[in-house]
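Colleague: Please take one part of this model and look at it closely. Then tell me how the rest of the chain is laid out around that account.

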Amino acid sequence: MEELLEQYNTTKLESVKVWFKAASVNDFPKDGGACVKYKSKQIAVFNFARLNKWYACQNLCPHKMEMVLSRGMIGDDKGIPKVACPLHKKTFSLETGENLNSDLDAIATYPVKIEEGYVYIGFED
């Protein structure tokens, strides 16, 4: 299972080489998430409508090793946008991937941009 986790690495905006056209903005629930696939990766994409922001991270929960983060509840922790895993309620920053419970490794995050009604996710490969 560790090899599954190893394929997910945070991409910084300045490192983006590929902008993947994921889907129409209308395909994502307001204030919720959905999953898209890029190569062998499952990516959770969140339309945080309350903040008028979009986020993307790995869909794989590093604790339970299940593809579930896109189904997690989003909110904020002292101003930090977060997602809670639906299996065990561990929370992760949608900006940095940091585990806000301080007992798990961070998850990978990816830049998101919206152009002409479509969601694009940035990757290095």
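**A hairpin and its surroundings**

Modeller: Start with β3 and β4, which form a hairpin with 4 residues between them. In that turn, asparagine 52 has a positive phi of about 55 degrees. Two notes on the source come next. The model is predicted, so local features need pLDDT of at least 70 and side-chain atom pairs count only at pLDDT 80 or more, while totals for chains, interfaces and linings use all residues. Residues are numbered from 1 along each chain as its sequence is written, and side-chain values use heavy atoms, with hydrogens and water left out.

Now the terms. Helices (H or I, at least four residues) and strands (E, at least two) are DSSP runs, numbered from the N terminus. Two strands pair if DSSP finds at least two bridges between them. In general, strands of a sheet pair through backbone hydrogen bonds, either parallel or antiparallel.

Strand β3 covers residues 41-48 and pairs with β4 in the antiparallel sense over 6 bridges. Alanine 44 has cysteine 57 in β4 as its bridge partner. Strand β4 spans residues 53-58 and is mostly covered, with 5 of its 6 residues buried. Buried means under 20% relative accessible area, exposed over 50%, and partly exposed in between (1.4 Å probe, protein chains only). β4 has another antiparallel partner: 2 bridges join β4 to strand β8, residues 109-110. There, alanine 56 stands opposite tyrosine 110 in β8.

Next, a sheet elsewhere in the chain. 3 strands form an open sheet in the order β5-β6-β7, with antiparallel pairing. β5 (73-77) and β7 (91-93) stand at the edges, each with a single partner strand, so one side of each is left without a neighbour in the sheet. Neighbouring strands of this sheet are turned by 35 degrees against each other on average, direction ignored. Axes here are lines fitted to C-alpha atoms, for helices over the stretch in contact, and angles run from 0 to 180 degrees between N-to-C directions. Strand β6 (residues 80-84) is joined to β7 by 3 bridges. Valine 83 has phenylalanine 92 in β7 as its bridge partner.

Two loop residues deserve a look. Lysine 89 sits in the loop between β6 and β7. Its phi is positive, about 65 degrees, although lysine 89 is not a glycine. Lysine 89 is exposed, at 55% relative accessible area. Aspartate 31 lies in the loop between β1 (18-24) and β2 (32-38). Aspartate 31 is not a glycine either, yet has a positive phi of about 55 degrees. Aspartate 31 is partly exposed, at 29%.

Strand β2 also holds lysine 37. Lysine 37 is exposed, at 56% relative accessibility. From lysine 37 to isoleucine 80 is 43 residues in sequence and 26 Å in space, C-alpha to C-alpha.

Finally, the whole chain. There are 1 helix and 10 strands. The radius of gyration is 13 Å, close to the 14 Å that the globule rule gives for 125 residues, so the chain is as compact as a globular protein of that length. That radius is taken over C-alpha atoms, and the rule is 2.2 Å times the number of residues to the power 0.38. Of the 125 residues, 46% count as buried. Residues 24 or more positions apart account for 49% of the contacts with a separation of 6 or more. Contact means heavy atoms within 4.5 Å.
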